[in-house]
Amino acid sequence: MAIPRTAAGSLLPLLQEGMPDARGWLPRRIAMGVIVLFLLLLPLPLDSARASWIWIGTTYVMVGISVNILMGYLGQISLGHQAFVGVGAFTSAYAVAKMDMPFLLGITLAAVTGALAAAALGFIALRLTGLYLALVTLAYGEVAEKVIFNLKAISGGGGGARAPRPQGFTCVSEGGVFNPELFTCEKSYVYLCYAFLALLLFIDWKFVRSKAGRAVLAIRENEIAAASFGINVVGYKLLAFVLSGAFAGVAGALFAHGKNTLTASVFDFRLALTFVLMTAVGGLGSRAGIFLISMFFAIFPLAFNQYAIEVLIVGPLLLLLTLALAPGGMGQQIKPIVDWLNGKPFTFKHDSGGVATGGGGVRP
Amino acid sequence: MLTFIVIGIIQGAIIGLLALGIVLVYKGSRVFNFAQAEFGTVAAFLLLYFTTGRLKMPYLAALVVALALTGGVGFLFERLVVRPLFNAPRVTLLVATAGAALLAIALELKIGGFEVKQVAPIKAGKAIGIFGATVTWQQVILLAVLGGLAAGLAYFFNRTDLGLAVLATSQEPVATELVGIGTKRMSSFIWTFAAVLGGVAGALAAPDTTFTAGFMTTNFLLFAFTAAVIGGVTSLAGAFIGGQLIGISTALAQYVDITYLKKWEIDIPAFHELVIFILLLSVLYARPQGLLGKAA
């Protein structure tokens, strides 16, 4: 059997006997529709400031999905993820503001450079593992923030780089592609970010079910065993890094253009820790959990900014509680609901397949 | 240039002291402790609290109490976070220590506020001036303490039963348990001890400058890890040498930056960080086990 157990596990729902019939699917489809509809309608009643929380949260979710590829699927810690996000952000800002490229090209370039930045780290990761790699990723992020993002050519000196929003989403000339009464610039930008998030989630979903995804999961479980089954360990490891970097680059570009200006100090070490925290609390391998918790980590400090310090306490506290009490994170808590939506019966029965270790990860 | 080297040696001493604590925890628990530098900040805050305000304790008494309480923080941390994750993957534990560091910084901000703090040194004033650099008494004490601790720890791990028990725990916990050594007690001991070491670094480094919440982590943590890895994560002497190497390299990089790069109009922000990163990668490439480490 060439496919290790966990990798095959993700295929099981497709083959399983006893899936619900059409009548069983109906309530599940309706519930899913309601969730999607809720997210789509969510920005409409909000004012501009609150609508901007939603798109910031959406970019955080993209980063969470990106971190999850490395930490959840490949089982590799990344403490320098802000570097990939930042590379994407500055690339897109430079391409659009300085070279007059169209927005979509800027975001594509951001994905490419983010992927390259991650691939560079991936090459180091081929030689190092575990804690040593953690240290190198940490130092890599530091160097990116302090050295590269501060180069005058990139950051435009102390004032920060300019990153204009694309046509139709700008706040200067209201009235772009949508009805300006109903869709202010912040709201229309939310839908732009939603669209990209949907794209990334789709790629991620396809990736885990592909041959490459199964190979990456197999490498996480046991590198040597995977290699002995003929899996190209070097290639698939790098692929995971490239994919993760590309996702982070897209997230960075959307964040940059949403903010309009960009400074290096945003991408500091604590941001990297926040990314790791939210992914771990969200639950490695669980897209739904990461979605909820990343949104929470992005929006919570913005919503309670008058309690700036107390907000700082909540994140790490949640992490420590998660690690100690529920290593599967939010993904573990909402598993019954997600399972039900996927066609399984609703049950609280404890299924600890791969969950208990935290580092290994919940099955996607 | 010699001025820079003197400054580098002093910075290297603080880095080396933190690296010692990191190595100790790594020897005992096989984990990189991201909270190591924060133990230092906690000690500095406690020292400030006990020497000023309502309490106004004598300085040395305040220092001892501050270090003891910092040790207590380490003990609690081991009980509440490390022990439940005893069998978890090491990376999970690493994330937990990072979370604890962030939590500590947030609590320091909550209690201490955002304003810049200053604590008095053990002995004020300038001790000697060499090569144009002023060396304060505090810095002399720092260097002496580092030397003494490095020698003492080397003796402890090679010659005493307790030290050997700690090493045994890290290498083969099950077998160690079988010969009647309580591995859990060892773990408590290691973390308490490491917290005190971190506290010593913080309490000695803080009077040199003004400080704010999390200053040890932002200023020294990355360098201390790099020092520990360059020296070989399991070698106490390596941590000491790694600290000096990082301190002096940083100072030299700053010297090159100021005297040459500026003249040639090459503007590389935070040039010394780049130098240290390249140093780290080169050492890991050529000798993955570190300068004084044994190959795994």
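**View 1. The fold of chain B.** Chain B of this predicted model holds eleven helices and two strands; helices (H or I, at least four residues) and strands (E, at least two) are DSSP runs, numbered from the N terminus. Read from the N terminus, its elements follow the order α-α-α-α-β-β-α-α-α-α-α-α-α. The radius of gyration is 19 Å, close to the 19 Å that the globule rule gives for 296 residues, so chain B is as compact as a globular protein of that length. That radius is taken over C-alpha atoms, and the rule is 2.2 Å times the number of residues to the power 0.38.

**View 2. Inside chain B.** Of the 296 residues in chain B, 54% are buried, meaning under 20% relative accessible area (1.4 Å probe, protein chains only). Among chain B contacts with a separation of 6 or more, 74% join residues 24 or more positions apart; a contact means heavy atoms within 4.5 Å.

**View 3. Confidence along chain A.** Over residues 1-15 of chain A pLDDT stays under 50, and the model has 16 contacts beyond four places in sequence for them.

**Notes for all views.** Residues are numbered from 1 along each chain as its sequence is written, and chains are lettered from A and ligands numbered from 1 in the order in which they are written. In this predicted model local features need pLDDT of at least 70, side-chain atom pairs count only at pLDDT 80 or more, and totals for chains, interfaces and linings use all residues, while side-chain values use heavy atoms, with hydrogens and water left out.

Methods:
Buried means under 20% relative accessible area, exposed over 50%, partly exposed in between (1.4 Å probe, protein chains only). pLDDT is the predictor's confidence in each residue, from 0 to 100.
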